[in-house]
Number of protein chains: 2
Amino acid sequence: MKNIIIASTSTLHGGSYLEYLLPALQSHFKNCKSILFIPYARPGGISHDEYTQKVSSAFEKLHISVKGIHEFENAEDAILNAEGIFTGGGNTFLLVSQLYKNNVMQLLSETVKKGTPYLGTSAGSNICGLSMQTTNDMPIVYPPSFKTLGLIPFNLNPHYLDPDLQSKHMGETRETRIKEFHAFNSIPVLGLREGSWLEVKGEKITLKGDLSARLFLQNQEPTELNPESDLSHLK
Amino acid sequence: MKNIIIASTSTLHGGSYLEYLLPALQSHFKNCKSILFIPYARPGGISHDEYTQKVSSAFEKLHISVKGIHEFENAEDAILNAEGIFTGGGNTFLLVSQLYKNNVMQLLSETVKKGTPYLGTSAGSNICGLSMQTTNDMPIVYPPSFKTLGLIPFNLNPHYLDPDLQSKHMGETRETRIKEFHAFNSIPVLGLREGSWLEVKGEKITLKGDLSARLFLQNQEPTELNPESDLSHLK
């Protein structure tokens with residue numbers, strides 16, 4: 001039975017890393033003494049070791065130890081044997097490239113579908129969708145495919161941002177970008193604001209946190225979904 | 001001799017399409033009765049015809065007629081025979097995919113290098129660099145390569161945005177994204193603010209407009225370049 005938390009962001013403004021999620025994570029990883037961390041997205045180019053250390057400090061509060069996938073001789077074994085798995089944020093193009101390069105994209109998907117508890121934040125959430133095509137990230141490396149884990153039957157736009165009506169900037173709004181995606185793709189897209197997350201228990205998908213989320217369906221006006229909305233029907 | 005205008009944006013806040021560039025375009029396209037428009041990036045999913053009509057209306061003020069590349073039976077002939085060429089903004093992933101699909105990426109590069117006057121805005125400017133890897137756009141389609149025209153020996157970030165110090169949003173700033181690019185790539189990146197453009201005459205590259213531009217070099221602190229700066233040495 002799938003057991004997944006898919007969070008828009010790791011950190012809220014003014015808060016510390018993972019702080020707002022700790023109560024949810026305590027219950028989510030309650031049967032885990034240790035978790036496997038996938039640092040491949042490494043934000044701002046920090047090293048795998050530095051990133052893993054940061055995550056380790058946050059999980060100390062839950063008395064859970066953390067080991068980075070790069071510390072294992074065999075990445076596939078690391079995933080197969082993990083009690084729980086966390087993929088952190090950073091650059092989604094880099095993360096997806098590394099998952100393919102290390103030949104673990106499909107294995108990670110299968111493992112999480114079988115029930116290993118999984119946490120994703122930001123880029124680590126993006127890959128839970130059908131494709132990474134609604135990421136906000138810069139294409140700093142060329143991945144062999146945009147296809148991702150498919151743990152949920154739609155796509156995500158983490159860090160979703162409403163248009164700034166005061167802005168004089170002429171770059172595309174997030175909504176315009178998602179509309180462009182829908183000119184070529186029929187996959188639903190959920191704009192997940194910072195502070196929101198999805199809880200996946202088996203086939204049930206629930207919106208968590210205090211904020212509404214914005215749902216984009218092809219050829220339809222976007223709609224707002226309230227917290228605790230059931231998204232299991234989406235596809 | 002190369003003769004190119006590479007603009008951050010087509011439109012300034014409160015202005016009409018291409019309005020702020022018209023004086024520069026009048027001189028740039030002075031020997032052209034007609035220009036070829038490449039609408040492949042089609043912003044927000046508008047049609048090639050709609051987009052070409054919009055561009056046509058703007059160029060009427062200069063008494064220049066506009067024909068879309070999609071109106072020609074053969075895209076290669078259209079480029080070879082063009083008096084001038086304009087590639088408009090929209091989605092860079094889509095633009096690059098279409099240029100490869102229609103087998104004109106290399107031909108367009110060669111043609112502009114030989115001297116056909118070229119104008120790019122936004123996505124149409126992004127492709128003037130060595131790669132499209134510093135675009136802000138969403139990866140709505142999967143291009144066969146990120147390599148672009150290479151008309152200048154560096155990359156661009158159009159619509160460059162300074163960090164909003166008041167923002168409570170935790171998504172990456174533009175500067176963080178470019179830093180991530182430089183964790184894996186050594187190509188210089190020029191952050192071109194809306195209202196700025198590059199004028200390329202032969203091998204001379206000059207920053208135009210009233211604003212400074214932000215230059216990012218690998219492993220160095222970014223610097224600000226004043227209008228009229230000579231960028232010919234960059235590589």
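## Ground rules

Helices here are DSSP runs of H or I with at least four residues, numbered from the N terminus. This is a predicted model, where local features need pLDDT of at least 70 and side-chain atom pairs count only at pLDDT 80 or more, while totals for chains, interfaces and linings use all residues. Residues are numbered from 1 along each chain as its sequence is written, and chains are lettered from A in the order in which they are written.

## The largest pocket

Helix H7 (174-182) of chain A and helix H7 (174-182) of chain B each give at least two residues to the lining of the largest pocket. H7(A) has the largest share, with three. A pocket is an open set of points on a 1 Å grid over the protein atoms alone, where a 1.4 Å probe fits, with protein on both sides within 12 Å along at least five of seven lines; lining residues have an atom within 4 Å of a point.

This one has a volume of about 1,200 Å³. There are 35 lining residues, and Leu161(A), Arg174(A), Leu161(B), His169(B) and Arg174(B) are the closest to its centre.

## The second largest pocket

Here you get about 400 Å³ of space. Its lining has 19 residues, with Ser10(A), Pro43(A), Lys54(A), Met170(B) and Glu172(B) nearest the centre.

## A look at one core leucine

What does Leu190(A) touch, not counting residues up to four places away in sequence? Its partners include Phe154(A), Leu156(A), Leu198(A), Leu215(A) and Leu231(A), with contact meaning heavy atoms within 4.5 Å.

Note on methods
Heavy atoms only, no water. Points joined across faces, edges and corners; volume = space filled by probe spheres on them.
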